[in-house]
Amino acid sequence: MMSNAATHAYLNTRVAVMATRLFDPDTIGQLSQMQLPELAERFGLAALLDEQLSARTRGRAIEQTLIQVLLAELQVLVRPMPATERAVVLAWGRKYALFNLKTLIRGKLYALDQQEIRDSLFDLPTIIDPPDQELLRAENVPELLRQLEAGPHRLIARQAREAYEQRREPFALEAAIDQRYYAGLARQVMQFYDTNLHPLQQLIGAELDRTALLWLLRFRFSYQFSPSETFYQLVPSMRLLHRARLLTLVNVEDLTGVLAALPPPLDTLLSECRTIIDVQRRMGRHVAHAAQRLLLQSPSAVARALAYLMLREMDLYLLFALIQGRLLNLSTEVVDIALEIIEPTCPWNLAPTGGTAARHRAAAA
Amino acid sequence: MPRPRIMKHVRLLVLTEDLPQASLTLAQTESFHPDTRPPLEPALSGLPGRTYRDTYYQARSRLDKIAKLIAVPEAPMLDPKLDQVRVVEPAELVQLDDWLGQIWQKASGYEEELRRLDDQERLIREQEAALANFQHLQIDLRMLRNKTRFLDFYVGIVPRENLRQLEGAVGLADHLLHVYMQRGDQSHVVIIGPTGTTEAQLSAVLDAADFQPLPIPEGLDDDPQQLRQDLDAQHLANRVRHQSEYERIAEWSAPFLERLVAARRTLMLAEPLVALDPSVRSSGHLVHLAGWVPARAVDDLTARLGQSLALPFDLRVRDPLPTERKLVPTVTTKNRLLEPFAMLVQQYGIPEYGEVDPTPLFAVTFLLMFGSMFGDVGQGAAIAGLAWWLRARLGRFWLFGLMAGLASMVFGFIYGSIFGYEEVLPALWMSPIHDPILMLKIALGYGVVFLTIACLIAIYNRLVIKNWWGALFGHHGIVNLVFYLALVWGGLHLGRGESFGTVPTFLVSTALAALAWYAWRHLEAPLGEKILVVFIETLETVIGYISNTLSFLRIAAFSLNHVALSIAVFTLAGMMGAFGHVVTVILGNVFILVLEGGIVMIQVMRLQYYEGFSRYFAGEGHAFAPLKLRRGSAPS
């Protein structure tokens with residue numbers, strides 16, 4: 001068993017080596033010029049070149065491959081970590097298991113074929129996704145609901161039952177899953193009491209700030225939820241958007257007012273934003289900067305490892321956005337917007353891009 | 001030296017129609033370990049068993065779910081003599097799966113009804129707890145039951161995890177939340193606020209927070225006794241409904257219970273083909289199966305296939321190729337006495353095919369070392385007796401405890417020690433404390449023999465796979481052994497006060513030079529780094545062998561320690577009165593048994609794993625797991 005110092009030296013070295021894989025702006029510029037064969041060769045994505053498959057199937061295979069790349073790196077990084085550190089990194093990676101859970105529940109609620117549901121699930125390592133074969137084998141919705149009530153997901157079973165019995169869109173259910181994911185992540189961070197605590201609070205806090213703000217804006221102004229309903233769906237951050245602040249912000253009546261009421265540095269960062277998509281892009285960059293800063297300067301090995309994984313995830317989604325753009329024959333301009341090489345001139349331009357969809361998905365999870 | 005069982009690779013080609021029968025026959029021989037590698041012929045890419053496997057898993061899942069609701073009896077043991085072993089054709093499996101699907105649909109309805117009753121029961125219990133709590137409050141509970149003109153009341157339960165967020169959310173809707181009781185993971189709450197516009201908002205929040213209202217019954221203030229009776233009546237009614245639901249299920253299932261037992265048996269018979277699925281490939285009507293079979297079972301396998309398959313088949317048998325060595329399974333030790341030791345060996349790894357199985361050597365040296373380090377007739381008998389007493393709990397491991405205890409007893413007779421008393425039993429030899437230097441010399445000698453045997457096995461393992469260079473120059477190879485024995489020889493000279501000796505010096509120098517030359521040739525690095533690495537590796541060889549030999553001194557040290565601890569116990573006992581003496585001796589022996597016994601066990605395992613296994617045992621093999629037909633018990 002390695003000592004703590006040895007573990008951290010090993011982990012820091014690993015992270016430093018892996019960090020060389022992150023994309024810098026020049027690399028992103030080069031990538032944006034590449035066509036599918038070049039991308040396939042550079043990233044070993046053989047599925048891209050299989051002309052017999054549909055664009056959707058190829059896109060799905062690529063997404064699966066990229067997620068596996070990310071999770072393989074996660075497994076390498078958690079291997080030497082002590083239990084608490086490992087738990088926080090795995091809690092972060094569990095978002096992919098939740099994609100599967102949502103797909104599974106949605107598939108069952110809409111009575112999709114078992115094989116179709118199975119094909120839509122991501123193939124994840126067991127360290128992230130203890131396979132829930134019982135849920136998958138449920139043959140009707142009441143059976144699925146009973147499985148949920150009896151298992152570790154019993155707290156979301158109520159939303160699932162309502163979605164089924166009242167024929168509602170399972171929005172509340174998916175919101176509950178996401179809420180529990182972020183609340184669990186925040187709880188994991190608060191388990192620390194040593195030098196890891198502050199850097200992890202900075203990192204996960206930045207992510208929670210981003211999520212809380214985006215959810216607040218969407219629930220309040222896109223879905224027209226009441227302050228009370230909106231607040232219930234939010235997960236307070238341990239950094240800027242803590243509980244008391246969220247209680248104030250949900251009562252503000254328009255987007256500009258919310259942005260003006262934000263604490264520094266978010267107020268200046270978002271002062272020019274006019275749409276939620278603007279906010280999403282800037283907050284995404286804000287989290288990326290926080291992660292980059294911690295990756296370079298943090299004394300905490302676990303925070304550095306997690307920062308690396310978060311940045312790597314962003315890069316892989318960027319790559320996925322590019323590939324989707326190429327597969328769907330989207331215009332260069334649209335792809336460049338997705339890659340954040342150029343600013344959008346109109347927010348609606350973003351709607352059809354795979355990149356935005358992918359980022360949306362990452363953000364929502 | 002224990003030789004591994006010779007294995008053969010077999011390749012079987014059968015026609016698709018015969019695949020279920022072939023899988024059943026292979027399972028009956030219990031000698032076929034499937035080889036999951038796809039065949040080299042690209043045409044053999046079909047997966048003929050895949051649909052069968054999927055159908056089987058679905059049917060088994062359905063049967064398992066049904067069996068949770070209906071008590072399906074175990075299928076009786078299969079008796080091949082009564083022709084109970086038969087082929088389950090794909091069509092029969094599909095038919096069974098469909099039937100189980102229909103049964104499950106109906107059973108699922110019953111299960112849903114039971115869930116609803118359970119839910120009701122839980123709510124009644126929560127209501128009871130809430131009302132018991134209210135009875136102590138000095139408030140008018142009728143107020144909580146009805147909305148007033150100005151105030152809304154919600155009384156109910158909410159998962160504790162959602163409480164804090166809910167508190168903030170209801171506050172935003174101008175309501176107050178008060179927790180009046182915590183039960184398990186549920187919090188009992190009262191929410192109060194103004195009647196009006198926020199009601200709809202609050203309702204959505206309460207839904208999201210999984211709030212469940214608990215109705216306040218009429219008459220709570222007027223007649224608590226009556227209320228208690230009402231709740232008891234509700235409990236009773238619920239129990240009756242529960243009972244009648246189970247009776248309905250039993251009545252409904254009675255006509256097809258036998259058929260469910262038969263279904264369980266059919267699934268057992270279908271299992272072999274499912275287990276074979278990863279190693280079955282096909283092209284058109286031709287199916288390819290491959291696996292490993294012990295050489296002495298090949299003839300029987302061929303004969304049985306000949307008898308059972310109706311259509312022509314082709315069976316090719318060959319020796320494993322050198323490149324396949326890591327893929328060949330190893331038949332592990334089956335001897336009853338060695339079985340617990342094999343379990344300990346398997347904690348480290350399973351021998352590769354061709355590699356010497358270290359279990360017998362491990363067993364002998366383990367008992368020798370444990371006995372010599374913990375030699376006492378009384379304490380050994382206590383260990384053996386305890387193992388025998390706990391044999392039901394320890395399973396196959398009890399024999400390990402028994403043998404360790406017996407080894408301790410044998411050395412107890414040699415040392416003349418019983419529960420630490422050295423004057424009761426005449427020693428067959430002497431107590432270790434009488435000549436510690438001799439004990440240390442014996443331990444050192446034992447270490448030299450142990451390490452030499454370990455090196456010889458390492459050399460043998462490499463020669464078997466024709467790794468000549470490895471056997472000569474590799475770690476613990478021939479050159480290493482020459483170096484080590486020459487070092488021991490020279491060391492003996494020094495011990496006798498003589499010089500190291502010319503021949504030992506020559507052998508040591510030549511062996512080290514040869515090792516350095518070999519390391520130099522196999523290292524690709526800049527000159528400076530090469531010099532450094534070769535120097536360090538050579539130095540490590542010298543230091544490693546010396547320190548590893550000295551490591552065995554612990555055998556003598558612990559045998560002395562054992563006596564010294566006994567002396568300490570008796571010294572303490574001598575300071576007590578008669579009763580105190582007895583108590584001290586008993587407690588002292590318990591202390592020695594638990595603490596020293598545990599430490600000695602760890603030390604022996606360390607010597608085995610570190611000084612022994614790390615030298616000659618790769619442990620990277622995998623166990624022979626033949627296809628078998630389960631003859632009884634439910635699918636797990």
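In this predicted model, chain B holds an open sheet of four strands, in the order 4-5-3-6, with antiparallel pairing. Its edge strands are strand 4 (176-183) and strand 6 (212-213) of chain B, each of which pairs on one side only. Strands of a sheet pair through backbone hydrogen bonds, and the pairing can be parallel or antiparallel.

Strand 4 of chain B is joined by seven bridges to strand 5 (residues 186-194) of chain B, and the two run antiparallel. Across strand 5 of chain B, B:V190 is the residue that stands opposite B:H178. Strand 5 of chain B is in turn joined to strand 3 of chain B by nine bridges, again antiparallel. Here B:D152 has B:G193, in strand 5 of chain B, as its bridge partner. Two bridges then connect strand 3 of chain B with strand 6 of chain B, and these also run antiparallel. The bridge partner of B:G156 is B:P213, which belongs to strand 6 of chain B.

Two helices of chain B lie across this sheet. Helix 3 (residues 90-134) of chain B lies across strand 3 (151-159), strand 4, strand 5 and strand 6 of chain B, and runs at about 110° to strand 4 of chain B. Helix 5 (residues 163-172) of chain B lies across strand 3, strand 4 and strand 5 of chain B, and its angle to strand 4 of chain B is about 160°. Between helix 5 and strand 4 of chain B there is a loop, and B:D174 is located in it. Most residues other than glycine have a negative phi. B:D174 has a positive value, near 60°, although the residue is not glycine. B:D174 counts as partly exposed because 14 other C-beta atoms lie within 10 Å.

Chain A is built otherwise: it has 20 helices and zero strands. Of its 365 residues, 40% count as buried. Among the contacts in chain A with a separation of 6 or more, 62% are between residues 24 or more positions apart. A:F99 is part of helix 6 (residues 95-109) of chain A. A:F99 is buried, because 21 other C-beta atoms lie within 10 Å and the cut-off for burial is 20 or more.

Helix 18 (residues 301-327) of chain A deserves a separate look. Its 27 residues reach 38 Å from the first C-alpha to the last, close to the 39 Å expected at 1.5 Å a residue. Because 23 of those 27 residues are buried, helix 18 of chain A is largely enclosed by the rest of the structure. Just after helix 18 of chain A comes A:N329, with a positive phi of about 55°.

Which residues have the most contacts inside the largest nonpolar core? They are A:L203, A:L216, A:A307 and B:V205, in a core of 108 residues. Helix 18 of chain A supplies the largest share of this core, 18 residues. A second, separate core has 54 residues, including B:M373, B:L402, B:A404 and B:F552. Leaving out residues up to four places away in sequence, A:A307 touches A:L203, A:A291, A:L294 and A:L295.

Two loops of chain A have backbone features worth checking. A:Q224 sits in the loop between helix 12 (197-222) and helix 13 of chain A. Its phi is near 60°, positive in a residue other than glycine. A:Q224 is exposed because 9 other C-beta atoms lie within 10 Å. The other loop, between helix 15 (255-260) and helix 16 (266-269) of chain A, contains A:P265. A:P264 and A:P265 are joined by a cis peptide bond, with omega at about 5°, whereas most peptide bonds are trans.

Finally, the chains meet where 20 residues of chain A are in contact with 23 residues of chain B. On the chain A side, the elements that give two or more residues are helix 9 (141-150), helix 10 (154-165), helix 13 (227-233) and helix 14 (243-249) of chain A. Helix 13 of chain A gives the largest share, five residues. By type, the residues on this side of chain A are eight nonpolar, four polar and eight charged.

Technical notes
Residues numbered from 1 in each chain as written. Chains lettered and ligands numbered in written order. Predicted model: local features only at pLDDT ≥ 70, side-chain atom pairs only at ≥ 80, totals over all residues. Expected span 1.5 Å × (residues − 1). Buried ≥ 20, exposed ≤ 12 C-beta atoms within 10 Å, placed from the backbone. Core = buried A, V, L, I, M, F, W, Y, C linked by C-beta atoms within 7 Å. Contact = placed C-beta atoms within 7 Å. Nonpolar A, V, L, I, M, F, W, Y, C, P; charged D, E, K, R; others polar. Pairing = 2+ DSSP bridges. Axes fitted to C-alpha atoms, helices over the stretch in contact; angles between N-to-C directions.
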